[in-house]
Amino acid sequence: MSAGAQGRWQVEFRLYDVYKEKQLAGYSYVVGGDRLRAVAHQISDIIYEKLTGDKAYSARVSPTSYARAPASASATSWQIADSDGYNPVTVLSSAEPLMSPAWSPDGTRLAYVSFEQRRPILYMQNV
């Protein structure tokens with residue numbers, strides 16, 4: 001990574017398979033300082049996909065986190081965030097228990113169980 005003119009940064013990376021002596025990926029980006037985190041996420045997604053064969057979503061969301069809402073001891077909320085914890089967004093809040101979150105394979109929907117109707121019901125929410 002090197003600083004360029006007018007606050008721009010040049011970011012380059014190469015991913016090598018040392019056993020096969022072959023480059024798996026290599027990209028170069030020129031971005032403003034405000035985009036460095038986003039480029040780091042893009043690079044991590046590329047590396048993850050090349051090594052596992054699975055589509056990565058680290059630049060979009062991390063696994064759902066659980067937290068007690070400060071306003072009420074019984075309230076719960078779930079957030080999605082970048083994989084490094086930045087940019088959290090609350091996607092669900094409830095005074096009743098929320099359980100068993102699971103992402104859809106394409107990462108656009110969240111399934112969960114809620115007791116808001118006083119019995120367990122499975123819900124699916126677009127995120």
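**A walk through the model**

Let's start with Thr108, whose side chain makes a polar contact with the side chain of Asp106, at 2.8 Å. By polar contact I mean a pair of N or O atoms within 3.5 Å; within protein, one must be able to donate a hydrogen and the other to accept it, and residues adjacent in sequence count only if both atoms are side-chain atoms. Before I go on, the ground rules: this is a predicted model, local features need pLDDT of at least 70, side-chain atom pairs count only at pLDDT 80 or more, and totals for chains, interfaces and linings use all residues. Residues are numbered from 1 along each chain as its sequence is written, and side-chain values use heavy atoms, with hydrogens and water left out.

Back to Thr108, then. You'll find Thr108 in the loop between β7 and β8. Helices (H or I, at least four residues) and strands (E, at least two) are DSSP runs here, numbered from the N terminus. Thr108 is partly exposed, at 32% relative accessible area. The cut-offs are under 20% for buried, over 50% for exposed, and partly exposed in between, with a 1.4 Å probe and protein chains only.

Now the overall layout. The chain has 1 helix and 9 strands, and from the N terminus on they run β-β-β-α-β-β-β-β-β-β. Of the 127 residues in the chain, 30% are buried.

The helix, α1, covers residues 36-52, and Ile43 is in it. Is Ile43 buried or exposed? Buried, with a relative accessible area of 13%. Ile43 and Ala25 are 18 residues apart in sequence and 9.7 Å apart in space, again C-alpha to C-alpha.

Moving on to a sheet. β7, β8 and β9 form an open sheet of 3 strands, in the order β7-β8-β9, and the pairing is antiparallel. For strands to count as paired, DSSP has to find at least two bridges between them. β7 and β9 are the edge strands, each pairing on one side only. From one strand to the next, the twist averages 25°; axes are lines fitted to C-alpha atoms, for helices over the stretch in contact, and angles run from 0 to 180 degrees between N-to-C directions. Between β8 and β9 there are 6 bridges, in the antiparallel sense.

Ser100 has a positive phi of about 55°, and it isn't a glycine. Glu21 is another non-glycine with a positive phi, in its case about 50°. Glu21 is in the loop between β2 (8-17) and β3 (22-32), and it is exposed, at 74% relative accessible area.

Next, charges. How many salt bridges does a search of the whole structure find? It finds 2, a salt bridge being a side-chain nitrogen of Lys or Arg within 4 Å of a carboxyl oxygen of Asp or Glu. In general, side chains of opposite charge can pair when their charged atoms come close.

One of the salt bridges joins Glu12 and Arg14, with the closest N and O atoms 3.9 Å apart. Glu12 is partly exposed, at 46% relative accessibility, and Arg14 is partly exposed too, at 42%.

Then there's Arg118 with Glu96, where the closest N and O atoms are 2.7 Å apart. Arg118 is in the loop between β8 (109-114) and β9 (121-126) and Glu96 is in the loop between β6 and β7 (98-103), so this pair ties together parts that are 22 residues apart in sequence. Arg118 is exposed, at 67%, while Glu96 is partly exposed, at 22%.

Ser94 lies in strand β6, residues 89-94, and it is buried, with a relative accessible area of 8%.

That's my tour, so over to you.
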